[in-house]
Amino acid sequence: MPMSRRKFALLSGAALLSACAPVPAKGRRDAADVIILGAGLSGLYAARMLEAAGMKVLILETDTRPGGRILTLDDVPGMPEGGGQQVGQTYARMRKTALDLGVPVVPYPPRPRDAAVAAAGRVMAASDWAAAPENPFPGPFRPLTPSAALLVAAGRSNPFADNYAWREISPASDISAGDFLAGLGFDEASRALIDSSLNGNSLATYSIANVWRTLTLYAEDAALGPSDRIAGGSSRFTEALAASLAEGTLRLGTPAEAITERGTHVEVTAGGTIYTAPFAICSLPFPALRRLDLTLSETDAFSAERRAAISALPYTRIHQIHVEPEARYWEADGLPIEMWTDGPIERVFANFDEAGEVASLTCWINGQGADPGRTDEDWFAIADAEFARLRGTGTRGIKVVRWDETQPRSGGAYMHWAPGQIGAWATGITEPSGRLHFAGEHLSFLHTGMEGALETGERAAYAILEAAQL
């Protein structure tokens with residue numbers, strides 16, 4: 001819910017006066033005023049706000065590093081991002097916080113914008129795709145590459161006037177991206193090609209509202225200029241956020257096992273110890289929350305919706321295979337470095353060093369293609385064989401990054417709404433359950449990505465500051 005100017009001023013004044021720190025109940029020794037589960041973007045940002053208001057905060061983090069799904073791969077040539085990366089022009093919270101922390105936000109270095117298309121074993125320039133016999137797209141869409149087809153098709157009928165509108169989508173319009181494309185004449189073969197470029201698990205489980213929302217946000221952002229990046233990698237931002245907190249705030253290597261809202265306080269069991277506080281913020285992704293014993297408030301009006309969303313909200317499965325090419329294949333065949341493929345490595349992106357030279361490549365596999373049963377060596381062998389088949393050179397495997405259900409801290413890379421879920425869950429699950437509040441990019445309203453995570457951390461922090469004054 002948007003915050004009024006008056007409410008913002010009241011809460012800001014209370015923060016400056018440090019007047020909102022709650023008094024522990026008699027006989028209870030609280031670990032902090034607020035316990036936060038998860039040291040990702042939203043948890044760290046909420047902690048920074050609450051500490052500025054005079055509250056004592058304890059963050060419990062399972063991992064041995066802060067950052068969550070922000071992960072700069074410092075050990076891979078070119079230092080590509082394993083997680084969040086783009087800093088949009090509308091990312092006001094992130095840009096202001098980076099400025100406060102002394103973390104530079106800088107433009108991306110120049111890089112090629114074109115990508116080759118590899119279909120049915122043939123590699124071609126994108127300009128050749130429209131007339132290619134391997135192209136199954138219906139007539140008006142034949143000029144579009146598989147990477148662009150869904151976005152362009154959806155953009156022609158985007159009903160969202162602004163970034164508020166997505167929650168108001170009608171049930172009749174909240175259909176899968178697959179059904180949307182089928183309605184435009186894309187047959188099964190066409191949809192299979194587009195599926196390889198989808199930043200989701202499948203066209204069948206991906207609401208077309210995700211695409212419309214993304215296009216609306218991108219248009220708003222692009223009107224102000226191109227996206228930027230954090231100098232040295234996105235992890236420099238979360239590291240600086242963590243370092244800005246009071247000593248003892250962040251407790252790493254402490255996995256949560258249970259959360260119980262008691263009405264007067266919240267209990268968190270982590271690492272075999274029970275911690276209590278008047279308030280708590282759970283910033284864990286829903287797949288991680290599924291592994292916990294969760295007891296919601298007895299007065300939680302959205303308990304059923306919340307549990308259903310925790311159980312069923314889809315998270316995109318992604319595997320990144322980072323490799324080095326044995327030869328500069330793009331110079332040998334005259335085609336772009338990057339490519340979309342209909343094979344197992346799906347999409348290939350180039351990673352450049354600060355001098356603009358190609359440092360490494362990332363094979364980006366989404367959805368069903370990101371098979372958790374494949375080992376790192378399996379993926380390296382597959383990448384080597386595919387590059388030899390398509391571009392005439394081998395590759396050397398460097399690192400595999402996995403965002404899937406086998407990873408207990410994340411369960412996937414990022415959420416997406418399945419058809420019918422927005423109307424049922426999007427509003428209610430953002431509300432607190434008594435003294436237990438929730439944050440994370442999956443609960444964002446006006447933004448997605450990294451700014452969306454900060455938005456939700458801010459919302460939870462302000463709600464606690466307000467409640468602590470009552």
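Biologist: Which residues do ring pairs link into a cluster?

Modeller: In this model, which is predicted, W129, F137, F141 and F186 are joined into a cluster by ring pairs.

Biologist: How many aromatic pairs does the structure hold, and what describes a pair of aromatic rings?

Modeller: The description of a pair rests on the distance of the centres and the angle of the planes. The structure holds 11 aromatic pairs. One of them is formed by Y329 and W330, with 4.9 Å from centre to centre and 85 degrees between the planes, an edge-to-face arrangement. Y329 and W330 are both buried.

Biologist: How are the rings of Y329 and F387 arranged?

Modeller: Their centres lie 5.8 Å apart and their planes stand at 50 degrees, so this pair is tilted. An angle over 60 degrees would have made the pair edge-to-face, and one under 30 degrees stacked. This pair connects distant parts of the chain: Y329 belongs to helix α11 (residues 329–333) and F387 to helix α12 (residues 376–391), 58 residues apart. Both Y329 and F387 are buried.

Biologist: Let us turn to helices. How does the span of α2 agree with 1.5 Å a residue?

Modeller: The 12 residues of α2 should span 16 Å at 1.5 Å a residue, and the end C-alpha atoms are 17 Å apart, which agrees. Helix α7 (residues 208–222) gives a second case: with 15 residues, α7 reaches 21 Å from its first C-alpha to its last, close to the expected 21 Å.

Biologist: How many residues of α2 are buried, and what do they pack against?

Modeller: A residue counts as buried under 20% relative accessible area. In α2, 10 of the 12 residues are buried, and the helix is mostly covered. Among these buried residues are L41, L44, Y45 and E51. The buried residues of α2 pack against β1 (34–37), β2 (57–60), α3, α8, β11 (279–282) and α14 (449–469).

Biologist: Which residues of α7 are buried?

Modeller: They include I208, W212, L215 and D221. The buried residues of α7 pack against α4 (149–155), α5 (177–183) and α13 (421–425).

Biologist: At what angle do the axes of α2 and α8 cross, and which residues make the contact?

Modeller: The axes of helix α2 (residues 41–52) and α8 cross at roughly 35 degrees and come within 9 Å. The crossing is left-handed. L41, L44, Y45 and R48 of α2 meet F237, T238, L241 and A242 of α8. By class, this contact of α2 with α8 has 6 nonpolar, 1 polar and 1 charged residues.

Biologist: At what angle do α3 and α8 pack?

Modeller: Helix α3 (residues 92–101) and helix α8 (residues 235–243) pack at about 65 degrees, with their axes 10 Å apart. This crossing is also left-handed. M94, T97, A98 and L101 of α3 make the contact with F237, A240 and L241 of α8. The residues of the contact of α3 with α8 divide into 6 nonpolar, 1 polar and no charged.

Biologist: In the loops, is S197 buried or exposed, and what is it in contact with?

Modeller: S197 lies in the loop between α6 (188–195) and α7. Its relative accessible area is 11%, so S197 is buried. Leaving aside neighbours within four places in sequence, S197 is in contact with P146, S147, W340 and R347. S197 and D342 are 145 residues apart in sequence, while their C-alpha atoms are 9.4 Å apart in space.

Biologist: Where is G412 placed, and is G412 buried or exposed?

Modeller: G412 is in the loop between β17 (395–403) and α13. With a relative accessible area of 0%, G412 is buried. Beyond its neighbours within four places in sequence, G412 is in contact with R69, Y315, T316, W403 and D404.

Definitions and conventions: Residues numbered from 1 in each chain as written. Predicted model: local features only at pLDDT ≥ 70, side-chain atom pairs only at ≥ 80, totals over all residues. Heavy atoms only, no water. Axes fitted to C-alpha atoms, helices over the stretch in contact; angles between N-to-C directions. Helix = DSSP H or I, 4+ residues; strand = E, 2+ residues; numbered from the N terminus. Left-handed = near helix turned anticlockwise from the far one by under 90°. Contact = heavy atoms within 4.5 Å. Nonpolar A, V, L, I, M, F, W, Y, C, P; charged D, E, K, R; others polar. Expected span 1.5 Å × (residues − 1). Buried < 20%, exposed > 50% of the residue type's maximum accessible area, 1.4 Å probe, protein only. Phe/Tyr/Trp six-rings, centres within 6.5 Å; stacked < 30°, edge-to-face > 60°.
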